[in-house]
Amino acid sequence: MAFTLYSLLQAVLLIVNAVAVLHEERFLRHVGWGSNQGMGGFGEEPEIKTQLTNLIRSVQTVMRVPLIAVNSVTIVLLLLFG
């Protein structure tokens, strides 16, 4: 198995899929990354945990529909070209 641009894109797609299916109540709150964890005040720099939680929530909101199309194209390409 060679390291190609297609395999790199496939790995990125798998990571985005993994982030998109994380469930906040089942997984993130048990780890301590729930939405009710302090957001900080005005003028304060947000913590890394808060930024990652916002990134996860944004990926889940924005990438839901495009991921269906990209996953479908990837599956068709794998079926055609093996």
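1. Basis. This is a predicted model, in which local features need pLDDT of at least 70, side-chain atom pairs count only at pLDDT 80 or more, and totals for chains, interfaces and linings use all residues. Residues are numbered from 1 along each chain as its sequence is written, and side-chain values use heavy atoms, with hydrogens and water left out.

2. Make-up. The chain has 4 helices and 0 strands. The order from the N terminus is α-α-α-α. Helices here are DSSP runs of H or I with at least four residues, strands are runs of E with at least two, and numbering starts at the N terminus.

3. Burial and surface. The chain has 82 residues, and 17% of them count as buried (under 20% relative accessible area; exposed is over 50%, partly exposed in between; 1.4 Å probe, protein chains only).

4. Contacts along the sequence. Contact means heavy atoms within 4.5 Å. Take the contacts in the chain with a separation of 6 or more: 62% join residues 24 or more positions apart.

5. α1 against α4. Helix α1 (residues 5-20) and helix α4 (residues 64-81) have axes that come within 11 Å and cross at roughly 140 degrees. Axes are lines fitted to C-alpha atoms, for helices over the stretch in contact; angles run from 0 to 180 degrees between N-to-C directions. α1 and α4 are therefore oblique to each other (under 35 degrees is roughly parallel, over 145 roughly antiparallel, 65 to 115 roughly perpendicular, the rest oblique). On the α1 side, the contact residues include Tyr-6, Leu-13 and Asn-17; on the α4 side, they include Leu-67, Asn-71 and Leu-78. By class, this contact of α1 with α4 has 8 nonpolar, 4 polar and no charged residues (Ala, Val, Leu, Ile, Met, Phe, Trp, Tyr, Cys and Pro are nonpolar; Asp, Glu, Lys and Arg charged; the others, Gly among them, polar).

6. α1 against α3. These axes come within 8 Å and cross at roughly 100 degrees. α1 and α3 are therefore roughly perpendicular to each other. Val-16, Val-19 and Ala-20 of α1 meet Ile-56, Val-59 and Gln-60 of α3. The contact of α1 with α3 has 5 nonpolar residues, 1 polar and no charged.

7. Gln-60. This residue sits in helix α3 (residues 48-62). Gln-60 is buried, at a relative accessible area of 14%. Leaving aside residues up to four places away in sequence, Gln-60 touches Val-19, Ala-20 and Leu-22.
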